[in-house]
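The sequence and the structure are shown first.

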Amino acid sequence: MKTPAGHQTLELTGLRFDANLGILEHEKTDPQPIQVDAELNLGTQPLLPSDDDINHVLDYRKVRKIIIDECTAEHINLLETLIGKVSNRLMQLPGVLGVRVKIAKLEIFEDCEVAIRMETGQW
């Protein structure tokens, strides 16, 4: 008998922290708040894992740590560069077929957020 399966996506939304990002003088010296949302396409997965062991699935704590580490490792001028680095790193995780990432600068303007969204891999 075939094991029932479904399409699985890991989502991490609303992750907020400060990053060294931007080309303006104050952005070069002061970290600013950003928000990161990420979706990882894990493709077809059994409806139930083979066992109830965290070592046999993609641990979302690892995904969260990678995002924070990539965004805080060094000062980056462009949001486009940062989102490319995060997307590339997440695509390297085992079992990940596609990645969607959105990074928003929360306080760059008084009247709006600015965000970029990147999609790569299979969807």
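A residue is called buried when its relative accessible area is under 20%, exposed when that area is over 50%, and partly exposed in between. In this predicted model, the buried residues of helix H3 are Leu 79, Leu 82, Ile 83, Val 86, Ser 87 and Leu 90. These residues lie on the same side of H3, because they cover an arc of only 130° around its axis. The cover over the buried residues of H3 includes S2, H2, S3 and strand S4 (114–121). The length of H3 agrees with expectation: at 1.5 Å a residue its 13 residues should span 18 Å, and its end C-alpha atoms are 18 Å apart.

Along the principal axes, the C-alpha atoms fill a box of roughly 65 × 25 × 20 Å. Of the 123 residues in the chain, 36% are buried. Among contacts with a separation of 6 or more, 64% are made by residues 24 or more positions apart.

The strands come next. Strands S1 and S2 pair in the antiparallel sense over 13 bridges, and within this pairing Thr 9 has Asn 41 in S2 as its bridge partner. S2 also pairs with S3, again in the antiparallel sense, over 8 bridges; here Leu 40 stands opposite Val 99 in S3. S2 is largely enclosed by the rest of the structure, because 11 of its 15 residues are buried.

Helix H2 can be read in the manner of H3. Its 13 residues should span 18 Å at 1.5 Å a residue, and the end C-alpha atoms of H2 are 18 Å apart, which agrees. The buried residues of H2 are Val 63, Ile 66, Ile 67, Ile 68, Glu 70 and Cys 71. Among the elements that cover them are S1, S2, H3 and S3.

In soluble globular proteins, nonpolar side chains tend to be buried together. The largest nonpolar core of this model has 28 residues, of which Leu 40, Ile 67, Cys 71, Leu 90 and Ile 103 touch the most other members. Two or more residues of this core come from each of strand S1 (5–19), strand S2 (32–46), helix H2 (60–72), helix H3 (79–91) and strand S3 (98–105). Ile 103 illustrates how such a residue is surrounded. Leaving aside neighbours within four places in sequence, Ile 103 is in contact with Ile 34, Gln 35, Val 36, Cys 71, Leu 79, Leu 82, Ile 83, Val 86, Val 114, Ala 115 and Ile 116.

The cysteines remain to be considered. How many disulfides does a search of the whole structure find? The search finds 0. A disulfide is a covalent bond between the sulfur atoms of two cysteines. The cysteine sulfur closest to that of Cys 71 is in Cys 112, and the distance of 20 Å is too far for a bond.

Terms used:
Residues numbered from 1 in each chain as written. Predicted model: local features only at pLDDT ≥ 70, side-chain atom pairs only at ≥ 80, totals over all residues. Heavy atoms only, no water. Core = buried A, V, L, I, M, F, W, Y, C linked by side-chain atoms within 4.5 Å. Buried < 20%, exposed > 50% of the residue type's maximum accessible area, 1.4 Å probe, protein only. Helix = DSSP H or I, 4+ residues; strand = E, 2+ residues; numbered from the N terminus. Contact = heavy atoms within 4.5 Å. Expected span 1.5 Å × (residues − 1). Pairing = 2+ DSSP bridges. Disulfide = S-S within 2.5 Å. Arc of directions from axis to C-beta.
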